[in-house]
Structure formats: C-alpha cells, structure tokens
Amino acid sequence: MPVVFVQVGQAGNQIGGELWKIIKKEFSRHHNLYFNRGKARCIAVDSEPKVVRHLLEEHGDIMRESNVMFEQAGRGNNWAYGFFDIAGRTHKTDSISSPSASHIGDTEPIWRDGDTSLLGRVMGAFHKEVEACDMYHGCVVIHSLAGGTGSGLGSRIVSAIRDEYPHGYVLSIVVSPFEGGEVTLFHYNALLALSTLQTDSDGIILMHNEGSLQATGKLLAKVTKNSRAGHSLSFPQLNHNVAHSLAGLMCPITPSGRSDLRVTPHVYASPLTASMLQKEKKEWSYGEYPFDIADLGMYPSTSLMICSL
C-alpha cells in the first residue's frame, strides 16, 4: 500500500537522498508503494536551499519540483523557531518551481487555507500526495533531533499530519545529536522533539550519531583492511551506511533467488555495503515485500526502536 515520505532538514534530506538511490536501483518506477506515475511519493523540505537543490539535481528524474520546497533563512538551531515557524513568517519564502499550493481547509489551527508558510506549503503538497494514493496507508518522516528545522519543524509536521489524518500511521525516523557539539541547544532540541513525537508518532526509529559513526568506521576499516580508515569518515559515507540500515529494515535484504520470500516476507538482515558484497562475491537484493507500516498498529502506544548499525 502507498506510503508518503517526508524529508525535513539537512540530515533528513541527505539520508533520504541516499535511501532513494537504493529504492531507484532495486525497485521499478511502477512500484505503487514508492512511486506515483514514475515519481517518488516524497516531499523534501528545508529552511535553506543548498541541500534540497542538490537533492533535486541528483534525483530530478523521480522528484516532483513542486514537492521540493525551501526558504532563504534557517531556524538558528532552535526548536522553537522551527516548531512555531518563526523565521518562515518573517522572511521571504521560495520553492523550486513556486507552485500554487492547495490546502485542506481552514479549520485546523496548526495551519490554514492559503497559508504560505513553510508548514502550510508542506501540508498542501502532502494533501496532494495523499489524494494520489489509491488507499493512504501512512507516512514516514525523516529528520534529525538536533537542528531547529529537523527537530522543530519536523515534529510540527508530524503533529499536523496526525491532526489531519488520524487514521494513518506515522513512522518517525530520527537522528540523535552527537554527545559533544558546538551548539548547547542540541540536547534541549532533542528532548522537546521527542516529547512531541511520543504523542503524535506511532513508531520512532532512533539512530544514534555516535553509534553510527563508530559502526561505519569499523565497517570501512574491515573493508579496506586499514585500521585508520575509520578516522577519516565523511558525512556521505555515514549517510550511505545509515540509508542501507534503513533499507535493511523497510526493504529487507535477501539472497537473490530465494524461494521462501512469499512465506516469510519480513526477513530482517544486517545491512551490508556494496563493497563488502562485492568482496564476498555474493549477490543480494532487497525483498519484494517491504516493511509494512501497519505493523505499528500491533502496539497500543508509540513504539521506540533504537537501531544499532
């Protein structure tokens, strides 16, 4: 069943970009879960243009320009600025193609008909994606807990989706901040965002930056047989490994040609990078039956899953 993806902030769009590389490679453009008429069921939003512009350049073949939106000012690494859309109400907003947004109605206090704020435009695009689904099943929101856009706007979008579509499942994939950093607000942002997500999300997949960095470093050192390779990791390498971990959960990795996929559709396996697969001379592919977001309905309250790579 169709699922709508929402990528918020720098971390959300960078991880989402890596995830769509895997989806494009492993699934047909006619796959109803991820695509609608050859275009991704995805909305990319950020308060600054650099990351989403790069995303559109990289995935312009599947991304709808009207679903890629941004502003010219950030959120100052402040949860309140993102959640209450303060910068969006005091700065000029932009989008890639500047479409005329269509909104659901003017009865919801979180956002109103004709609202040109970043939140209003996101919800307008989300409404269009839901209308294009033969049966709306739920959504996946990818964002960080550290920055103002990811933590504040990300949690506000989750709340707005919950209010407008109370019967659809909401899965939040969030990245926690590093233990040490230059911005003292990171941990406050994470606390406030998780408080909102606990109320409005059906499930939370929590990715730890520290653990992901260590695991990716060890993996790179093993592949290259260089013990110091992990000391010079780049963010693209880290995002690549995180995206493969998410794909291993939502699009299970299974050996090619397995005949029991239809019997055991949810075969969760440890993520392996392409370099390791090539080294071991094994052919792997992502399963035909992806993670079903309806599985979250088995739990009476928010489910928290802490992922260790």
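Helices (H or I, at least four residues) and strands (E, at least two) are DSSP runs, numbered from the N terminus. The model is predicted: local features need pLDDT of at least 70, side-chain atom pairs count only at pLDDT 80 or more, and totals for chains, interfaces and linings use all residues. Residues are numbered from 1 along each chain as its sequence is written, and side-chain values use heavy atoms, with hydrogens and water left out.

The H1 and H8 axes lie 8 Å apart at an angle of about 55° (axes are lines fitted to C-alpha atoms, for helices over the stretch in contact; angles run from 0 to 180 degrees between N-to-C directions). The pair is therefore oblique (under 35 degrees counts as roughly parallel, over 145 as roughly antiparallel, 65 to 115 as roughly perpendicular, the rest as oblique). Contact (heavy atoms within 4.5 Å) involves Gln 14, Ile 15, Glu 18, Leu 19 and Ile 22 of H1. From H8 come Asn 239, His 240, Val 242, Ala 243, His 244, Leu 246, Ala 247 and Met 250. By class, eight residues are nonpolar, four polar and one charged (Ala, Val, Leu, Ile, Met, Phe, Trp, Tyr, Cys and Pro count as nonpolar, Asp, Glu, Lys and Arg as charged, the others, Gly among them, as polar).

H1 also packs on H2, at about 10° with axes 9 Å apart. These two helices are therefore roughly parallel. Gln 10, Asn 13, Gln 14, Gly 17, Lys 21 and Lys 24 of H1 meet Val 51, Val 52, Leu 55 and Glu 58 of H2. This contact has three nonpolar, four polar and three charged residues.

H4 (residues 118–131) and H5 (residues 148–164) pack at about 45°, axes 11 Å apart. Their crossing is right-handed. The contact counts nine nonpolar, no polar and two charged residues.

The largest pocket holds about 820 Å³ of space. Its lining has 35 residues; Gln 10, Ala 11, Ser 144, Ala 146 and Gly 147 are the closest to the centre. On a 1 Å grid over the protein atoms alone, a pocket is an open set of points where a 1.4 Å probe fits, with protein on both sides within 12 Å along at least five of seven lines; lining residues have an atom within 4 Å of a point. H1 gives the most to this lining, with five residues. By class, the lining divides into twelve nonpolar, 18 polar and five charged residues.

Definitions and conventions. A crossing is left-handed if the near helix is turned anticlockwise from the far one by less than a right angle, and right-handed if clockwise. Grid points are joined across faces, edges and corners, and a volume is the space filled by probe spheres set on the points.
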